[in-house]
Amino acid sequence: MNLFKLISTFIITIFSVSAVTVAQVPLYTYPADDGTKSYYVTGGNEVKIFVEEKGDPTKTTIIFSSGFTTSSKSWNPQWFDPEIYENFHIVRYDYRGIGNSDKPNTNMIPNSIVLNDEKFNRYLGDPNSNPYSYDLKATDLFAIINKLSSDYDFKNKKIVLVGWSIGTPISLNFMKNYPDIKIDGFISVAGFVNNTREISDKTFTLFQKIMDPENLNNIASGLDEFIKLFSFKPFSYELYSFFMGTSIMAPFEYRISVAVQVSFTEFYSNLTIPTLHIIGEKDSLVNMEHSLYFASLGQNSESIIYKDIGHCPLWENIKEFNKDIINFVSKI
Ligand SMILES: *[C@@H]1O[C@H](CO)[C@@H](O)[C@H](O)[C@H]1NC(C)=O
Ligand SMILES: *[C@@H]1O[C@H](CO)[C@@H](O)[C@H](O)[C@H]1NC(C)=O
């Protein structure tokens, strides 16, 4: 064996290994026992919703709503930051169908899914047959706030909602359905105000696979492609698995609920509370054109665009993200 060849192979190996390691978004792990209080509340249709609370209940309450197929644990980088939990009261929860929350099903699984088919749209639009409607999710959020207001003095309480991705229309729909609950600020994290816009063929195919009623190969491959679109720099294998593990547990009825078409354009244009848009410049699930359109509708809004960040700023740039959340909420 030629010594030069051996050494050069060695060098190339080192370079390629280190290049891969440096460029990933890692999974940070956190202590198990950190003073988090957890319990269930009864949401819409008697569904049990898993809630966690931490921090100082006399301070402003921040309620975090996560992304599609992700659990409340996706907020770990914020949950374990002392700058956040020492200065605020923080609350996170698992959507119905996700994590520790109940996973209602309808036993009405159709044999095939035809998007935009009349029967399908009727099913999605009817909160009585679709246990994952936006309105039921608004009721769940109401049940959480109702519980908090019975435990703490909410007379002078400030509440800020934070929604990542689909957590944005879910939070907006809550504000729309419960106008008597005073919300003092809102943060959209890579959020969207409507999903009636055109999506790319690639994204369409991926969602079609995710909505497969039972073929696990299709579902897993769709979720795999979906999660790989979360970040600009790739996730580490551990972080990828963290998201994949939660998403694969979501039932069929939850997975197809993403096809419900919503637009909060008019509602958001009327909203006067302070809002912040955190936008990833390289987001490939909610593109820049939509993010700028959404931000432009705000009456009292500011936007921060993160360079070289994708759809997951809460993990991709924890330091900046947490700082921007703290700054915004402190001003309210
Ligand atoms: C927005 O405000 C306009 C004008 O006040 C009102 O007519 C409309 O119903 C409001 N829309 C929503 C969705 O709140
Ligand atoms: C949805 O968003 C797009 C921008 O991405 C905008 O052009 C369109 O008017 C919006 N449609 C509705 C119904 O809100």
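Select Met-249 first, in the loop between α9 (237–247) and α10 (252–256); helices here are DSSP runs of H or I with at least four residues, strands runs of E with at least two, numbered from the N terminus. Met-249 counts as exposed because its relative accessibility is 56% (exposed is over 50%, buried under 20%, partly exposed in between, with a 1.4 Å probe and protein chains only).

This is a predicted model, where local features need pLDDT of at least 70, side-chain atom pairs count only at pLDDT 80 or more, and totals for chains, interfaces and linings use all residues. Residues are numbered from 1 along each chain as its sequence is written, and side-chain values use heavy atoms, without hydrogens and water.

Next, select strands β1 (residues 37–42) and β2 (residues 48–55), which run antiparallel and are joined by six bridges; strands pair if DSSP finds at least two bridges between them. Lys-37 has Glu-53 in β2 as its bridge partner. Five residues separate the strands of this hairpin, and Asn-45 in the turn has a positive phi of about 50°.

Move to Phe-64 in strand β3 (residues 61–65) and Trp-75 in the loop between β3 and α2 (76–79), 11 residues apart. Both Phe-64 and Trp-75 are buried.

Finish with two charges over rings (NZ of Lys or CZ of Arg within 6 Å of the ring centre and within 35 degrees of the ring normal). Select Trp-79: the charged end of Arg-92 sits over its ring, 4.2 Å from the centre. At Tyr-134, Lys-137 lies over the face, 5.6 Å from the ring centre.

Notes: Chains lettered and ligands numbered in written order.
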